[in-house]
Amino acid sequence: MSLSRRQVAGAALAAVPLAVGGTGPAVAASQGRARGRTLFIAGDSTAAQKYADAAPETGWGMALPFFLREGLAVANHAVNGRSSKSFIDEGRLDVILAAVRPGDLLLVQFGHNDSKIADPTRYTEPWTTYQDYLRQYVDGARARGVRPVLATSVERRKFDADGNAVATHGDYPAAVRALASEEGVALLDIQALSIALWQELGVEETKKYFNWTDVEQDNTHFNPPGAIAVARLVAGELLRRRVLLPRDVRRLGEVIPESWISWPEA
């Protein structure tokens, strides 16, 4: 179904939850004028909010609030199937830029769908159009007093015959790294951190982190343990890169119960 920019904006502002880091499952927060600092996520299905009909599939953005202090909200605008290009073309970046306030953060993670060369609505070339679209997020955030943060794509679960974790994103992570350096933007190298984690866990153990069920063997999307693990990497990098201060993060070394993850009705 094709949506107009006005429809996208209306649906997003009405339905996208703002999650705050509480002691249990994420809860809705207001976008009113009294709200505090907010971390906005622009991204794809690996980060996106999932609903009851998709459980146990879980986006890492659903777990990120568990690692952030109370009062630092997460506005998760990531959407399944989007690339850096299609997210903009559908007006979704416009929605975010209309909602941000000076002092907020915009965390951008694309790449999984940018590589779909057979789909011109999503495809971008790593060293040209991909970087051009990512610059629009960076420039739009900075123009509004918002700090942009770029993240390389979280890695899929893929191993070779010798049990070595295999990179699947081609030049896209390198293109993000180069752009972040060129633009002076904080970089969260989640691709490098996640492939190292998958290597450490190994072929069989990683199945417990991805959306493997009796009817599906999904090596791209996460279940609750996987989403929590990746969110922990994201929060740790936000601290290490000094995007956030020590007082802004919590529980980095603690076990997060899977029961904290919930899937609301769509």
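1. The secondary structure of this predicted model amounts to 8 helices and 9 strands. Of its 266 residues, 53% are buried. Among contacts between residues at least 6 apart in sequence, 76% join residues at least 24 apart.

2. On confidence, the average pLDDT is 90, and 87% of the residues score at least 70. Please keep an eye on residues 1–33, where the pLDDT is below 50. Beyond near neighbours in sequence, this stretch still has 67 contacts in the model.

3. Do have a look at α7, residues 190–205. The end C-alpha atoms of this 16-residue helix are only 19 Å apart, whereas a straight helix at 1.5 Å a residue would reach 22 Å. Helix α7 also has a kink of about 55 degrees, centred on Gln199.

4. Which residues of α7 are buried? They are Ile190, Gln191, Ser194, Ile195, Leu197, Trp198 and Gly202. Their cover includes the helices α6 and α8 (224–240), along with the strands β6, β7 (186–188), β8 (210–212) and β9 (217–222).

5. Glu155 may interest you too: this residue sits in the loop between β6 (147–151) and α6 (172–183). Glu155 is buried but has no salt bridge. The nearest side chain of opposite charge belongs to Arg156, 5.1 Å away, and a salt bridge needs the charged atoms within 4 Å.

6. What does Glu155 touch, leaving aside neighbours within four places in sequence? Its contacts include Gln191, Ser194, Ile195 and Trp198, which are among the buried residues of α7. Val166, Ala167, Thr168, His169 and Phe210 are also in contact with Glu155.

How values were computed. Residues numbered from 1 in each chain as written. Predicted model: local features only at pLDDT ≥ 70, side-chain atom pairs only at ≥ 80, totals over all residues. Heavy atoms only, no water. pLDDT = per-residue confidence, 0-100. Contact = heavy atoms within 4.5 Å. Helix = DSSP H or I, 4+ residues; strand = E, 2+ residues; numbered from the N terminus. Buried < 20%, exposed > 50% of the residue type's maximum accessible area, 1.4 Å probe, protein only. Lys, Arg positive; Asp, Glu negative; His and termini not counted. Expected span 1.5 Å × (residues − 1). Bend = angle between axes of the 7 residues up to and from the residue.
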